[in-house]
Amino acid sequence: MRWRQTRPKESIGWSAGPRVDRGRVHLKTTGQALSLSELRSLTGAGVARTDLSRHQTQLLGDGVGCVSLTDFRELQPPGETETMAPQGSRAPLEFGGPLGAAALMLLLPATMVHLLLVARSGPARLLGPPPYLPGLEALWSPRALLLWLTWLGLQAALYLLPARKVAEGQELKDKSTLRYPINGFQALVLTALLVTLGVLAGLPLEELAEMLLPLAFVATLTAFIFSLLLYLKALLAPTSALAPGGNSGNPIYDFILGRELNPRIGSFDFKYFCELRPGLIGWVLINLALLMKEAELRGSPSLAMWLVNGFQLLYVGDALWQEEAILTTMDITHDGFGFMLAFGDLAWVPFTYSLQAQFLLYHPQPLGWPMASVICLINAVGFYIFRGANTQKNTFRKNPSDPRVADLETIPTATGRQLLVSGWWGMVRHPNYLGDLIMALAWSLPCGTSHLLPYFYLLYFTALLVHREDRDERQCLQKYGLAWRDYCRRVPYRIVPYIY
């Protein structure tokens, strides 16, 4: 290994041993294996740029000028094998492979229908049988289909309106980048204005509460047909456009997980559109319809219903206001767009995430102001952690020199990027997941403790985030190698401090 430290217009040599002399660092070349963290500690610097193909990196820091390292290679600990996957290799199969993915394709819609049925039944048992098995006449409704297609058309039209900002996504395999309109919050506001005008003109929005089952059915049917068209389109896509997770070669698995990473027609990105628009905005619209239905039945909405509507509107509004942040998430950068995401975005989110409001409509719960204040505090803590962690991560990704994150401790990686090891991301490895789970608890508490059903979202979301966290861990280990092991050693807890 050769070490070289340079300053502008000045060259500094190295000696036989490490020492610091007036800010000039002298390093020895003994063939000793040092981690990048040890190098940073020794030089007082941080990794700025790394070129693995040339085995070169540069360390920058106050007082040390620039230290250039050449002719080095990353070593694995004794007894460990290389974690980096060879280029062009396919990602490991998720969900138990084709059979498990096919089971999920059947199980998730069945679960959604089960929740819709039991939420309005007397016992409201999560684990019990549904009160009845709906026939085709209860599921199919031309009126529901017309409403659903109108909703999708409205959101597509709002997507195409001029945006306050157009952002670039992550670099793709072919070194290109895609552009995305940042106008999700604008779509939410315009939707709210249109709905308000409609209600003032006599639109019976509360009737949606009686149409959830047929609407969920046509949304699922739409997701299936849409996914089939996406799969056929992906058969014509170049290899560089395929997602690593949905390019298994098995048609069933690829149909479910999604074969193409960013399916588009012109500038209209189907995955990006579905991710935050129809489902999330539809979720709060269904909540509002249930609130209005309760006001019709009981004279006024309950305090519990107000809390659920307010908490979830805050969550959706924040997601759409921070829309640009989704461009760095795994859903956009890694996962293909197939049935799993299409069904989740278009059907599962609006008709399952509104479960608490559905439950409260048919099973009103008494809630006093003292308990309501405690629940509000719990939601505020969860939102504070969730938003703080995500803002810190997004700010650091955009500009590590930003004053808000410049003083945070980091771990250099062989990719040239750095891992945050202080602030929110020094507390647990996924602090945003922790905030998400705390908010999920707050959304369920207004429903009381007499039924397990309204806590389904908390149980489901816990399982979802644990699975996602495990997938994140494997991909980060593959991407960052030893630096990720160092991070896991420094931050041992995954989601909940001192527990998990």
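Modeller: A residue counts as buried if its relative accessible area is under 20%, as exposed if that area is over 50%, and as partly exposed in between. Threonine 410 has a relative accessibility of 8%, so this residue counts as buried. The model is a predicted one, and each value that follows was computed from it.

Threonine 410 belongs to strand S12, which covers residues 410–412. The side chain of threonine 410 is joined to the side chain of glutamine 418 by a polar contact of 2.6 Å. A buried residue can thus take part in a polar contact, because threonine 410 is under the 20% limit with its 8% and still has glutamine 418 as a partner.

The wider setting is as follows. The protein has 500 residues, and 50% of them count as buried. Its secondary structure comes to 17 helices and 13 strands. Among the contacts between residues at least 6 apart in sequence, 72% join residues at least 24 apart.

Threonine 352 is found in helix H12, which covers residues 339–352. With a relative accessibility of 2%, threonine 352 counts as buried, because the limit is 20%. Leaving aside neighbours within four places in sequence, threonine 352 is in contact with Met112, Leu115, Ala347 and Phe456.

If residues up to four places away in sequence are not counted, proline 278 touches Trp151, Leu152, Gln155, Phe273 and Leu346. The C-alpha atoms of proline 278 and proline 350 are separated by 8.5 Å, although the two residues are 72 apart along the chain.

In one of them, the ring centres of phenylalanine 226 and phenylalanine 270 are 5.6 Å apart and the planes stand at 75°, so the pair is edge-to-face. Phenylalanine 226 lies in helix H6 (residues 212–234) and phenylalanine 270 in helix H8 (residues 270–276), so this pair ties together parts that are 44 residues apart in sequence. Both phenylalanine 226 and phenylalanine 270 are buried.

Another pair is formed by tyrosine 315 and phenylalanine 386. Their ring centres are 5.7 Å apart and their planes are at 35°, so the pair is tilted. Tyrosine 315 lies in helix H10 (residues 303–321), while phenylalanine 386 lies in helix H14 (residues 369–398); the pair therefore ties together parts that are 71 residues apart in sequence. Both tyrosine 315 and phenylalanine 386 are buried.

Arginine 164 lies over the face of tryptophan 321, at 5.2 Å from the ring centre. Arginine 264 lies over the face of tyrosine 180, at 4.9 Å from the ring centre.

The backbone deserves a remark too. Phenylalanine 95 is not a glycine, yet it has a positive phi of about 60°. The place of phenylalanine 95 is in the loop between strand S7 (65–70) and helix H2 (97–119). Its relative accessibility is 29%, so phenylalanine 95 counts as partly exposed. Alanine 124 is likewise not a glycine and has a positive phi of about 50°. Alanine 124 sits in the loop between H2 and helix H3 (136–139). With a relative accessible area of 2%, alanine 124 is buried.

Lastly, there are the cysteines. A disulfide is a covalent bond between the sulfur atoms of two cysteines. The count for this model comes to zero disulfides. Cysteine 274 is buried, with a relative accessible area of 3%, and cysteine 447 is buried, with a relative accessible area of 0%.

Methods:
Residues numbered from 1 in each chain as written. Predicted model: local features only at pLDDT ≥ 70, side-chain atom pairs only at ≥ 80, totals over all residues. Heavy atoms only, no water. Disulfide = S-S within 2.5 Å. Buried < 20%, exposed > 50% of the residue type's maximum accessible area, 1.4 Å probe, protein only. Contact = heavy atoms within 4.5 Å. Phe/Tyr/Trp six-rings, centres within 6.5 Å; stacked < 30°, edge-to-face > 60°. Helix = DSSP H or I, 4+ residues; strand = E, 2+ residues; numbered from the N terminus. Lys NZ or Arg CZ within 6 Å of the ring centre and 35° of its normal. Polar contact = N/O pair within 3.5 Å; in protein donor to acceptor, adjacent residues only side chain to side chain.
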